[in-house]
Amino acid sequence: MKFADRTKFLKSSEIREMLKYSQMPDMISFSGGYPNPHAFPSREIVRIVEKIIDKNKFVLQYGPTEGIKELREALKKRMQKKGIKTDIDNIKITTGSQQGLFLLGEILINPGDNIVVESPTYLGALNAFSIFQPNYISIPIDENGMKIDVLEEKLKKEKIKFVYTIPTFQNPSGTTLSLDRRKYLLELAEKYDFFIIEDDPYSELRYSGENIKSIKSLDKNNLVIYLSTFSKILCPGFRLGWIIADEEIGKKFEIAKQNADLCSPNFTQYIAEEYINSGIIDKQIKLIRKMYKRKRDIMLNALNKYFPKNSKWTKPDGGMFIWVEFHEKVDVKKLLEYAIKEKVIFISGAPFYATNPKYNTIRLNFTNTEDNLIEEGIKRLSQALKKIKEGD
Ligand code: PMP
Ligand code: G9A
């Protein structure tokens, strides 16, 4: 056998697989959670590069594994404004949050360890963790996020290593964990001695409702490992994220990162630092919110207009996704085949479940489609739905 035994647990990402379809001419893609390219601050990036490239000899150099100090300082201040008090030594820059998830899996998961995930959850996290062979415990969600009372019942019977949660504008469902549940989760983490991995790429993208404190900002005992990313507030092409963790985890994480990629690019880190310190970031986030709010509303209206009344969908206050649950008889695999013919794509819901997938669910991204094509795409999807019903 050529490959290592653990490659049995390597799973390819449905999001990546759909990329080939999204590049076809005339295809309307609601698949990948891609920011809108019009939301990238391209001109500002050019100006920043011109400003720093000749002046700073470190911009094109290798850098420290934990990330450049200047960016960690800028993030420390920014995090403080969000109620997260941290020292720069506890902040580690990552090559996207995806790397953060993978390296956390590497340093925390033993084969067979119980880890708790939301049901559904971000499939990229499941794929990153799975190679380390955890035993997944899935906890259902409702419109207020993970059902913490169901978690508590599990905890009475089983010891767990950590809970992985995307509490704000979750990928894939768009739902948000209520403040009460955040507090309740923290109480359980203390009582039953486990970590919380709080994955927070979307909280800056709020379009309605009131801000809710991050779990990390409520955490007095260093039980929360926090991850965030520049992918949705600057651009994913930079491949930059960060984690905030206590000293012990941070040190081990840093060594794992040394071995993975030595360091994240200095080039993009210096640009990100200037993007924060110049204040461009806040203007840009305002613009992004305005654009995405409009797109969310167009998609919700179109769903109301075209989708069958026996299906239901989430109404997110932010983020990038709407989660649809069809009538049980709808076979989403078939729907995708018909949808591709109608020139519209989405991501099937099943791969977002660690256990017991619901095959009648789909995820719709609303950020990367032109306004005038969102309604058209939903109309095409409803036509595909009608066709599978007719057995066409
Ligand atoms: N976590 C979640 C919940 C995500 O939705 C994503 C991708 N959008 C990531 C992590 C990875 O993001 P990135 O590597 O681009 O920072
Ligand atoms: O679609 C998402 O959830 C984010 C993007 C992931 C990817 O490009 O694989």
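Where does P120 sit? P120 is in the loop between β3 (114-119) and α5 (123-130), and there is more on that loop in point 6.

Some ground rules before the points. This is a predicted model, in which local features need pLDDT of at least 70 and side-chain atom pairs count only at pLDDT 80 or more, while totals for chains, interfaces and linings use all residues. Residues are numbered from 1 along each chain as its sequence is written, chains are lettered from A and ligands numbered from 1 in the order in which they are written, and side-chain values use heavy atoms, with hydrogens and water left out.

1. Now the interface. On the domain 1 side 37 residues are in contact with 39 residues of domain 2, contact being heavy atoms within 4.5 Å. The size of an interface is often given as the accessible area lost when the parts come together. Here domain 1 and domain 2 bury about 3300 Å² between them, with 61% of it on carbon and sulfur atoms. That buried area is the accessible area (1.4 Å probe) that two parts lose on being put together, summed over both. In domain 1, the residues that lose the most area to domain 2 are F40, D317 and F352, together 18% of what that side buries.

2. What about polar links across that interface? The rule finds one salt bridge between domain 1 and domain 2, where a salt bridge is a side-chain nitrogen of Lys or Arg within 4 Å of a carboxyl oxygen of Asp or Glu. D282 and R78 form a salt bridge, with their closest N and O atoms 3.2 Å apart. There are also 19 residue pairs in polar contact across the interface of domain 1 and domain 2 (both at pLDDT 80 or more). A polar contact is a pair of N or O atoms within 3.5 Å; within protein, one must be able to donate a hydrogen and the other to accept it, and residues adjacent in sequence count only if both atoms are side-chain atoms. On the side of domain 1 that touches domain 2, α1 (14-22), α11 (280-306) and β11 (321-325) each supply at least two residues, and the largest share, nine residues, comes from α11. Helices (H or I, at least four residues) and strands (E, at least two) are DSSP runs, numbered from the N terminus. By type, that side of domain 1 divides into 19 nonpolar, eight polar and 10 charged residues.

3. Have a look at Y275, in helix α10 (residues 266-277). Is Y275 buried or exposed? Y275 counts as buried because its relative accessibility is 1%; buried means under 20% relative accessible area, exposed over 50%, partly exposed in between (1.4 Å probe, protein chains only). The side chain of Y275 reaches the backbone oxygen of I233 at 2.6 Å. Leaving out residues up to four places away in sequence, Y275 touches P41, I48, I233, L234, I280, I281 and Q284. Of these, I48 is 227 residues from Y275 along the chain, yet their C-alpha atoms are separated by 7.8 Å.

4. N360, in the loop between β13 (347-348) and β14 (361-365), is buried at a relative accessible area of 7%, and its side chain reaches the backbone oxygen of F326 at 2.7 Å. K290, found in helix α11, is exposed at 64%.

5. Most residues other than glycine have a negative phi, and most peptide bonds are trans. A cis peptide bond joins S119 and P120, with omega about 10 degrees, and another joins N171 and P172, with omega about 20 degrees. Phi is positive at L262, near 65 degrees, in the loop between α9 (247-261) and α10. K343 also has a positive phi, of about 70 degrees, and is found in the loop between α12 (332-342) and β12 (344-345).

Terms used. Nonpolar A, V, L, I, M, F, W, Y, C, P; charged D, E, K, R; others polar.
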